[in-house]
Amino acid sequence: MKATVNAKKINTIDEDVHIGISKEALKSDFLDNLFYAQGKFPALATKHDYYLALAYTVRDRLLHRWISTAETYTRQQDRTVAYFSAEFLLGPHLGNNLLNLGISDQVRQAISELGLIYEEVLGQEVEPGLGNGGLGRLAACFLDSMATLEIPSLGYGIRYEFGIFTQEIVDGWQEEKTDKWLRYENPWDIQRPEWAVEVKLGGHTENYIDAGENMRVRWIPGWTILGTPYDTPILGYHNNTANTLRLWKAEATESFDLGTFNRGDYYGAVQKKLVSENVTKILYPNDEQIEGKELRLRQQYFFVSCSLQDMIRIMNVQSIPLTNFHEKFTIQLNDTHPAVAIAELMRLFVDEHFMSWDIAWSITEKTFAYTNHTLLPEALEQWSLNLFARILPRHLEIILEINARFLNEVRVRFLGDSERLVRLSIINESGERYVRMAHLACVGSHAINGVAALHTELLKKEVLADFHTLWPEKFSNKTNGITPRRWLALSNPRLTKLISKKIGEGWIKELSELKQLEPYAEESSFRSDWRFIKRSIKEDFAAYLRRSTGYIIDPNSLFEVQVKRIHEYKRQHLSVLHIIALYHRIKSYPNQDIVPRTFIFGGKAAPGYYMAKLMIKLITAVGEVINKDPAVHDCLKVVFLPNFNVSTGQKLYPAAELSEQISTAGKEASGTGNMKFCMNGALTIGTLDGANIEIREEVGAENFFLFGLTAIEVQMLKAQGYNPMDVYNSNPELKVVIDLIADGYFSRGDRELFRPLVNSLLHGDPYMLLADFQSFVDCQSQVNQAYLDKERWTRMSVLNVARSGKFSSDRTIKEYCQDIWQVKPVKIDLLSQDEVKKSMLG
């Protein structure tokens with residue numbers, strides 16, 4: 001890749017090369033950054049150098065918007081959303097920023113004229129793996145929507161040195177490798193050491209009397225670490241807003257002990273540095289051991305303490321009294337991971353700023369809102385009191401006081417109902433005592449929301465039923481959404497071009513305008529164009545898959561996809577049972593009229609979750625047998641896509657034709673992968689679970705393949721004494737499928753390998769796979785018939801996209817702003833160069 005440039009032409013451009021968006025300005029700034037930022041010239045530059053030069057060129061244009069936004073918010077003291085999340089799965093920045101700036105075409109031309117390949121340069125970006133899946137990706141979509149809607153906001157989280165592990169598949173098993181996303185410099189964030197804060201851990205507390213004769217508590221920490229912020233601009237689409245994502249890195253207050261070193265203890269000299277930096281070393285350490293649990297609690301406390309101290313700093317800069325904290329900020333807790341922030345804000349108010357308890361609690365409760373993301377009891381975080389006392393002694397005291405006052409309120413409300421007190425208590429008293437973080441979040445927040453209609457109803461009736469009885473006014477539903485900028489406009493440019501040609505580009509900011517596509521579903525020429533685009537995308541994905549994994553797949557086959565975190569309740573193994581049933585049918589009756597299918601799986605299993613890892617092994621083992629069998633070579637293919645992430649998703653979602661959303665009804669909170677598939681024209685086969693229900697309502701029952709028990713039917717069947725062996729013995733095809741697995745057909749004769757999975761299904765089946773098997777197989781027959789009718793399938797695909805407008809995260813954020821946050825948009829005008837200099841000079 002050699003760059004040949006007409007330097008004379010570039011040097012005579014009229015606009016500022018750091019903010020200009022013409023092709024010539026971009027080329028000039030690109031070469032400046034290659035030379036001055038990278039210290040390279042074309043003969044020595046690597047592809048990554050070119051990526052960094054382009055990233056800094058784009059960042060120059062972001063900074064103008066970023067500074068203008070910060071100046072406006074500071075001057076106007078605007079009410080601000082603080083979004084607390086342990087995960088932000090952003091995906092690659094460069095392409096998204098080019099789209100939002102509206103300069104993709106100019107940059108493509110500039111790069112081409114420099115003798116470089118645009119796609120290769122963008123492909124050098126290392127994706128930051130700062131999230132595990134849906135939770136972190138939702139947070140990223142929300143940041144994008146808040147910036148696009150011009151909502152003043154700050155995202156707060158952790159700058160993990162090593163993100164979610166890199167997944168490799170070795171002999172069919174998942175192996176975890178370190179995600180070294182920072183091995184090269186990250187051009188998108190800026191370190192702010194001047195805003196670093198100290199965070200206390202461990203130690204003990206002591207009482208004292210202050211000058212006003214008031215009893216106070218002083219926390220004497222066992223050790224202190226430093227939190228340093230790194231800021232990333234989050235740009236809105238085609239506006240001037242650039243909000244901030246502020247991620248915290250843990251560092252030692254003193255990184256090198258010279259005295260210890262001089263005594264010959266070389267390891268001891270840097271021990272504080274090592275111990276401190278471990279706090280933000282890795283995303284989600286394995287918490288099976290006590291050391292992992294301790295580290296997770298330290299991580300959660302570290303980032304909320306840093307963030308709350310930072311918010312108080314902002315109030316001081318803007319000269320806003322601390323008693324107006326809840327008027328300046330609204331804090332959204334993205335699940336229970338940041339819930340300890342409630343106790344920390346009380347500590348800061350009461351211990352550090354000497355507020356009375358009642359005033360501090362009133363402000364705290366008005367500040368926080370809590371989003372619940374799970375219906376699984378085991379996923380509701382609890383921390384043992386012993387662990388809490390060791391790591392956060394003062395916070396345990398505060399939580400116990402919050403709980404005592406709360407339970408007094410409950411006693412008055414529900415006289416004599418001692419069982420209700422036990423159920424509502426923040427402290428779980430059964431066996432070893434635990435702090436229930438979801439209960440703390442409910443008590444300390446003025447609003448509680450679920451993330452899909454069914455999920456919210458199940459929260460009200462089951463998971464948080466007692467809190468709903470106590471405070472029904474706190475509860476509301478906010479169905480999740482995804483940003484159409486990344487997940488359609490950026491990921492699927494060919495479909496975007498076709499849509500915009502017909503209805504204009506307004507849908508990118510107002511997704512409900514996709515409704516205008518509906519009449520085109522009846523036009524044969526439009527359907528033909530639609531099919532041509534889908535086919536070309538499938539061909540591109542097949543080529544990518546062959547290059548990256550060696551898998552060879554047929555673009556003529558139906559691409560059926562399930563990509564998500566591997567978990568028993570998500571039921572990837574139900575899909576495997578269907579694949580084996582198809583395989584057996586074809587082997588037994590080779591002349592059947594079966595649509596050729598490529599089954600594509602992807603997703604990571606938690607490192608300590610053996611059953612999920614065994615599910616991956618089952619998928620790959622079944623694939624190994626089927627893919628090598630010449631009898632089904634033209635009919636079936638099974639693919640496991642390693643290390644599924646945002647970048648891979650941007651390639652796969654547009655290529656998919658059938659989206660599997662097959663979790664047990666009543667287990668999935670919402671799901672957002674279902675929305676990404678739908679928005680890109682894939683049809684859904686799914687249960688009435690999570691947001692599937694609302695997708696089906698929007699796109700029409702006739703454009704959705706429904707199967708399986710409902711949440712109520714699941715409960716009823718379990719109450720009646722569900723016995724999976726009865727299903728196994730009464731369904732001959734299911735029995736053949738299970739027996740093939742149990743007898744070692746897919747494990748080279750090893751009958752022990754998959755025994756834990758088989759035993760789980762036959763002697764318990766907690767997620768009702770066998771109960772839903774026949775319904776799933778029957779529904780797949782409907783899929784087969786629909787796919788054979790290309791015109792019908794295309795019409796259904798068009799209508800899925802046309803009716804996906806509800807599932808924009810812009811709609812979700814508007815609902816949060818109106819119902820919970822009470823935050824209004826703020827228009828940003830770009831500062832002139834003179835105004836920037838003036839603001840810098842004070």
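This is a predicted model: local features need pLDDT of at least 70, side-chain atom pairs count only at pLDDT 80 or more; totals for chains, interfaces and linings use all residues.
1. Overall count. The structure holds 58 salt bridges.

2. Asp310 and Arg313. Their side chains meet in a salt bridge, with N to O at 3.0 Å. Both residues lie in helix α11, which spans residues 290-317. They sit 3 residues apart, about one turn of the helix. Asp310 has a relative accessible area of 0%, so Asp310 is buried. Arg313 is at 21% relative accessibility and therefore counts as partly exposed.

3. The network. Asp310 and Arg313 also belong to a network of salt bridges.

4. Asp466 and Arg423. This pair forms a salt bridge, and the closest N and O atoms are 2.7 Å apart. The two residues link distant parts of the chain, 43 residues apart. Asp466 is in helix α20 (residues 465-470). Arg423 is in helix α17 (residues 418-424). How accessible is Asp466, buried or exposed? Asp466 is buried, with a relative accessible area of 16%. Arg423 is partly exposed, with a relative accessible area of 37%.

5. Arg748 and Glu624. Here the closest N and O atoms of the salt bridge are 2.8 Å apart. Arg748 lies in the loop between α31 (732-742) and α32 (755-762). Glu624 lies in helix α25 (residues 610-628). The pair therefore ties together parts that are 124 residues apart in sequence. Arg748 has a relative accessible area of 68% and is exposed. Glu624, at 30% relative accessibility, counts as partly exposed.

6. Strands β7 and β8. Now to the strand pairing. Strand β7 covers residues 204-209 and strand β8 covers residues 215-220. They pair in the antiparallel sense over 6 bridges. Which residue in β8 is the bridge partner of Ile209? That partner is Met215. β7 and β8 form a hairpin, with 5 residues between them. Glu213 sits in the turn and has a positive phi of about 65 degrees.

7. Points to check in the viewer. Next, look at Arg748 in its loop and Glu624 in helix α25. Finish at Glu213 in the hairpin turn.

Conventions: Residues are numbered from 1 along each chain as its sequence is written. Side-chain values use heavy atoms; hydrogens and water are left out. A salt bridge is a side-chain nitrogen of Lys or Arg within 4 Å of a carboxyl oxygen of Asp or Glu. Helices (H or I, at least four residues) and strands (E, at least two) are DSSP runs, numbered from the N terminus. Buried means under 20% relative accessible area, exposed over 50%, partly exposed in between (1.4 Å probe, protein chains only). Two strands pair if DSSP finds at least two bridges between them.
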